[in-house]
Each structure stands twice: as C-alpha cells, then as structure tokens.
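This briefing concerns the structure shown below.

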Amino acid sequence: MEGGERKQAVLSVAFRYLDTYRELLQEEGERGNSFTKELYMCALRDLSRFPELVEDVLKLQRWTEILHCPSDEEKESRKKQVRPLFRHFRRIDACLQPREAFRGSDEIFCRVYTQDHSYVTIRSRLSCRVSEILALVREKLQFSEDQPVLPGNLILVAVTSSGEKAVFRPTDEAVFTTLGVNTHLFVCEPSELDSLLPLPEEIHWTPGDSKLHDMSAEEVANQLAVFDWELFSCVHEVEFVCYVFHGEQSRWRPLNLELVLQRCSEVQHWVATEILQCQSLPKRMQLLRKFIKIAALCKQQQDLLSFLAVVLGLDNPAVGRLRLTWEGLPGKFRKQFQQFENIADPSRNHKSYRDLISSLRPPLIPFTPLLLKDLTFLHESCKTFYGEMVNFEKMHKVAEMVRTIRRYRSSQLAVDTETSPSHLQTKAYVRQLQVIDNQNLLFDMSCKLEPKDT
C-alpha cells in the first residue's frame, strides 16, 4: 500500500471514531476537539506531498468546526429540562417518564442533608466538582431560617444506611451517580463528621403487607423489563471501557452505567425487603411464589438483569434462613427456583449463565456486572502497551466485547404492556422501589420473623 493510501486508511478509521463518539467529544469541549485539530494540522502538512488527501483534509476541517461550535439544531436538541436524579430525589411524575441518557452537562435537582437531617435542594450540573456543590449549598444555607449562623469550613460526605461515611475531596467530580441505593449526601464541618447519622427512614422499618399482593406478576415483570431496557439503552459502549480502563480518571464518567449497577443492587434488596417486612407466614409464602414467577417471566422476556437480581435477592442469607417460609413452597416452585440458582451459579466461570445467553437472540438485557467482570479480567490480564507498541490483540478482544454489547441492543425490546387501571400504579412502584440495603437490619428482621429455635 502506498503512503497516501495508508494515510487515507488511517483517516477513515479516525472518521469512524469521530462519528461514533461525536456527542461525547462535544461534551468535552476544547479538550475533546484537540485530537481533531492535531490530526487536521498533520494532514494539512502532508497535503503538498499527497494531493489525494484534499477531501479528507476538508472533512477534518468540518469536524473541527462541528466539535468546536455545534450547530443551532444540535444545541437545541441537547437542551433538556432540569430533572431529578434517579434514586436520590424522587418525584412520581419524573419516575413515570422514559429514561434518557445522562450527560455531564445535564442539570439536575438533588437534596443535600445537614447534621439535623434538614436539607437543601440544589440545582447543579451532573459533572460538577464537589467544591461547586459546597458553594451551592453554602449559598442556600445563607438564606435558610434554620441556619442562623453560617457554617465555616464545609465538607461533603456520603452516608450509607448502615452509617458508613465517605468524605469527598473538593476536586472530585460527578459524585451523584456514585452513591449507593440508600446513600445520601451530607454537608458538615469536619468536627461534626462523627456525629452524622443515616436518615431515620433508612434505619427503622415498619411491618406491613406488600403492595405486590395487589399486582400481577406479569405486569411487574413487564415494567421491570421496560425500565431495565431504558436504563441499559442509555449506556454508551464507551462507558464500559472507561469504567474498567480508567475508573475515576475517566475522561467520560460512566454515569449511565453506574445507574444500571445501582438498579441491579436495588432489585436484589427490594426482593429481600418485601419478604422480610411481611409478618404473615401465609402471605410470605405467597410473596415467595410471586417472586419466583417474576423471575421466570423476566427470563422469558430476556431481561437477565432483573432475572438474576431477583434470584440473588431470594438467595440473600436473611431470606434463605426462613425455614418455615421455604418449607411452605410447593414442590413445583422449589424445583423451578433450583434451576434458577443453577443459572446464577458462578462455578466454571458462570458456565450456566453463559450457555443461556449464548442461546438467546437480541434484543436482550445482560447481567451487566458480569460484563464488567469479563472486561476487567481482560484488561488486567493483558498489557495495553509493550514499550511503545500497542497490544492490538487486546484491543481486538475489547472491540469484540463492545460489538457484543451493541448486538444485544441491535433491535428494540418489545414488551406487552397493555394499559390497565393499575398500569400507572405498577409502573410508578417499579420505578421508585423502597428498599432496605442494610444487611444487618435485614438479618435482624429475619430473626424476628423466624427465631433460630423455631
């Protein structure tokens, strides 16, 4: 291949890259455009020796303009309403809206709590730094009647439902989507850190009948699949690579992927929460049957994310120890659940799950944590560079995994969601699950239901 043809081949790959990651590069602003500018200058210098590059040079020039200054139409299409962040600021009308991909520049509403559990609601960019969040909170507290004296040196802290605390650095970015299921943001002075406590609703629980008793397993499974598909569809393939290869240093924070992982954890804890809050043994047995039926329907709809999350939720030690509840389960359901446990079995590198997913055709929703596990193993077991040489074999394997993810979404998931009187109620319930994620609390609830000597 001649020199000019080689350069055209390289530029062809570059154009595919620019086309694929156009929005993400625009999000980066000048930093995202630097690669295109440098490539344009290199091609421009070679133009006198290789006149056949003229079309490619003009195309590169257009790309630098696009990334530097998006068109009015593009700007308009990227305008979005300020919206509550998934999980950390709930509003029923927002929960009922279809999920759209989060971008770092999107503005959100979020609550930030103080030591006495009062809170301020701030409006912020999703990708903003902790120092900016603290400035917004300080401004709100300045006009709060509950804060006659403005605190001094504030720090931002994530507090879990079990009372664990993580202090953010002022330079940390995009912290909102890194929070756990029942983790909330607090501000305090450093001297008040040890006195921070979880919100009361995260510590205490109220026994009662589950709303699930009034919902059909089919409708719940349908809504789980629809929501999972919306969340999974929002994840750009590059987020998977950035999550594993770069972590916190990622140029493009894997915002939407982190929300999918949160959802997986949330569904697991939801299963345990619903069963352990139910005081009546016959009703607990009904719930157990319903969850196994929901898992079966999720598997049938190829929503493997919720399927395995429900199975893992039923395998929670706090649920598994309920001997009287499990003994009341009909043999048909026991056998079916045993089959589901075999699919969730991690032995032989998750062979049962891999056999299942290889037998399915798109569209499907994979168990995302296992995708990341595979990608992490590939990244950590192979060097990316040997000296100054790129390990192309590793890059080809990464590309194949990205193509697999793309193939899962190659067609639209079709779920039968016929409108019924209870449709919106079930939809809202599924999209704003109330869960307990404190394992110690779940185990205490379990022991109160069925003490060890029963």
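Helix α10 (residues 237-245) is largely enclosed by the rest of this predicted model, because 8 of its 9 residues are buried. Buried denotes under 20% relative accessible area, exposed over 50%, and partly exposed the range in between, computed with a 1.4 Å probe on protein chains only. Helices (H or I, at least four residues) and strands (E, at least two) are DSSP runs numbered from the N terminus. Residue numbers start from 1 along each chain as its sequence is written, and side-chain values rest on heavy atoms, without hydrogens or water. As the model is predicted, local features need pLDDT of at least 70 and side-chain atom pairs count only at pLDDT 80 or more, whereas totals for chains, interfaces and linings use all residues.

**Enclosed helices**

- The buried residues of α10 are Glu-237, Val-238, Glu-239, Phe-240, Val-241, Cys-242, Val-244 and Phe-245.
- Arg-403 belongs to helix α19 (residues 392-408) and is partly exposed, at a relative accessible area of 44%.
- Helix α20 (residues 423-431) is likewise largely enclosed by the rest of the structure, since 7 of its 9 residues are buried.
- In α20 the buried residues are His-423, Thr-426, Lys-427, Ala-428, Tyr-429, Val-430 and Arg-431.

- Two packed helices are described by the angle between their axes and the distance between the axes.
- Here the axes are lines fitted to C-alpha atoms, for helices over the stretch in contact, and angles run from 0 to 180 degrees between N-to-C directions.
- Angles under 35 degrees count as roughly parallel, over 145 as roughly antiparallel, 65 to 115 as roughly perpendicular, and the rest as oblique.
- The axes of helix α11 (residues 255-277) and α13 cross at roughly 40° and come within 8 Å, which makes α11 oblique to α13.
- Contact means heavy atoms within 4.5 Å; on the α11 side, the contact with α13 is made by Val-260, Cys-264, Val-267, Gln-268, Trp-270, Val-271, Ala-272 and Ile-275.
- The α13 side contributes Leu-305, Ser-306, Ala-309, Val-310, Leu-312, Gly-313 and Leu-314.
- α11 also packs with α18 at an angle of about 125°, with the axes 9 Å apart, which makes α11 oblique to α18.
- That contact is made by Leu-257, Val-260, Leu-261 and Cys-264 of α11 and by Thr-368, Pro-369 and Leu-372 of α18.

**A buried loop residue**

- Leu-196 lies in the loop between β6 (184-188) and α8 (200-203) and is buried, with a relative accessible area of 1%.
- Leaving aside residues up to four places away in sequence, Leu-196 touches Gln-115, Val-157, Val-159, Lys-165, Phe-186 and Cys-188.
- The C-alpha atoms of Leu-196 and His-117 are separated by 9.0 Å, while the two residues are 79 apart along the chain.

**Backbone geometry**

- Most residues other than glycine have a negative phi, and most peptide bonds are trans.
- Pro-362 and Pro-363 are joined by a cis peptide bond, with omega about 0°.
- Pro-363 is in the loop between α17 (347-358) and α18 (368-381).
- Gln-302, a residue other than glycine, has a positive phi near 65°; Gln-302 is placed in the loop between α12 (281-300) and α13 and is buried, at 16% relative accessible area.
- Arg-348 has a positive phi near 50°, is found in helix α17 and counts as exposed, at 64% relative accessibility.

**Whole protein and confidence**

- The protein has 21 helices and 8 strands, and 48% of its 454 residues count as buried.
- Of the contacts in the protein with a separation of 6 or more, 72% involve residues 24 or more positions apart.
- The protein exposes about 23400 Å², of which carbon and sulfur atoms supply 52%; these areas come from the Shrake-Rupley method with a 1.4 Å probe, and for residues only the protein chains shown count as cover.
- The average pLDDT, the predictor's confidence in each residue from 0 to 100, is 86, and 87% of the residues score at least 70.
- Among the elements, helix α13 (residues 304-314) has the highest mean pLDDT (98) and helix α5 (residues 72-78) the lowest (50).
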